[in-house]
Amino acid sequence: LLPKQEASTLGDELSGYSMVGVAFDTYIILQNQKQLIMIDQHAAHEKVLYERIVKEMKERNVSSQIVSPPIIISLNLEEQEKMKKYQNIFKTLGFEIESFGGREYSIRAVPQNLFGMTEQGFFIEVLDHLEEDPSSKTLDVLSDRMATMACKAAVKGNQKLSLRETEALIDELLQLENPYNCPHGRPTIISMTKYELEKKFKRIV
């Protein structure tokens, strides 16, 4: 069993829980004195990854990792103009990009958290998704893309997690301001009160 936790951001609703187990290698089951709590591990991990990168971007605390040798890419004229227009976004994300002559550019550093994607793939995903609106804020431009990428990188249903991984996922999820939905709006947590359960078993009328 997990030690009982005090989820400070959630008040009493999800506090004081213990872990019952995992159903179908997908749904983490918890309980406290008042209810059963079921967590979809994929939706939960997607939410955690998304909130993690959003927080890093807001705090301008995205870590970069050096690429050696640098990645050389060729961009058409439209792509070059878009990259120059949004160079602050690439910098905020952790990219270091330099002109390599002509249509070619050298990517010397990339974000440390690539959501499981390749360095070049991440760059192209961001470049393709940028809107042609110079007044757009970084998070507004990239929120949908980050949500999709977090979904791709998140642990899947039917993928067995270790007890330590499960504990870490629960702890990080329950510290979020809103842990109840993934970035696409799908539920991460559903619950059934003890009263509802006893009523189904007709222990009470």
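Reader: How many aromatic pairs does the structure hold?

Author: The model is a predicted one. Rings of Phe, Tyr and Trp are paired if their centres lie within 6.5 Å. On that basis, the number of aromatic pairs in the structure is four.

Reader: Which kind of pair do the rings of F90 and F95 form?

Author: The centres of these two rings, F90 and F95, are 5.6 Å apart, and their planes meet at 75°. Planes over 60 degrees apart count as edge-to-face. The pair of F90 and F95 is therefore edge-to-face.

Reader: Is F90 buried or exposed?

Author: Buried means under 20% relative accessible area. F90 has 2% relative accessibility, so F90 counts as buried.

Reader: Which kind of pair do the rings of F90 and F123 form?

Author: The ring centres of F90 and F123 lie 5.1 Å apart, with the planes at 35°. Planes under 30 degrees apart count as stacked and those over 60 as edge-to-face, the rest being tilted. The pair of F90 and F123 is therefore tilted.

Reader: Which helices does this pair link?

Author: F90 and F123 are 33 residues apart, so to speak of the pair is to speak of distant parts of the chain. Both residues are buried. The helices that hold F90 and F123 are, respectively, α3 and α4.

Notes: Residues are numbered from 1 along each chain as its sequence is written. This is a predicted model: local features need pLDDT of at least 70, side-chain atom pairs count only at pLDDT 80 or more; totals for chains, interfaces and linings use all residues. Side-chain values use heavy atoms; hydrogens and water are left out. Rings of Phe, Tyr and Trp (its six-membered ring) pair if their centres lie within 6.5 Å; planes under 30 degrees apart count as stacked, over 60 as edge-to-face and the rest as tilted. Buried means under 20% relative accessible area, exposed over 50%, partly exposed in between (1.4 Å probe, protein chains only). Helices (H or I, at least four residues) and strands (E, at least two) are DSSP runs, numbered from the N terminus.
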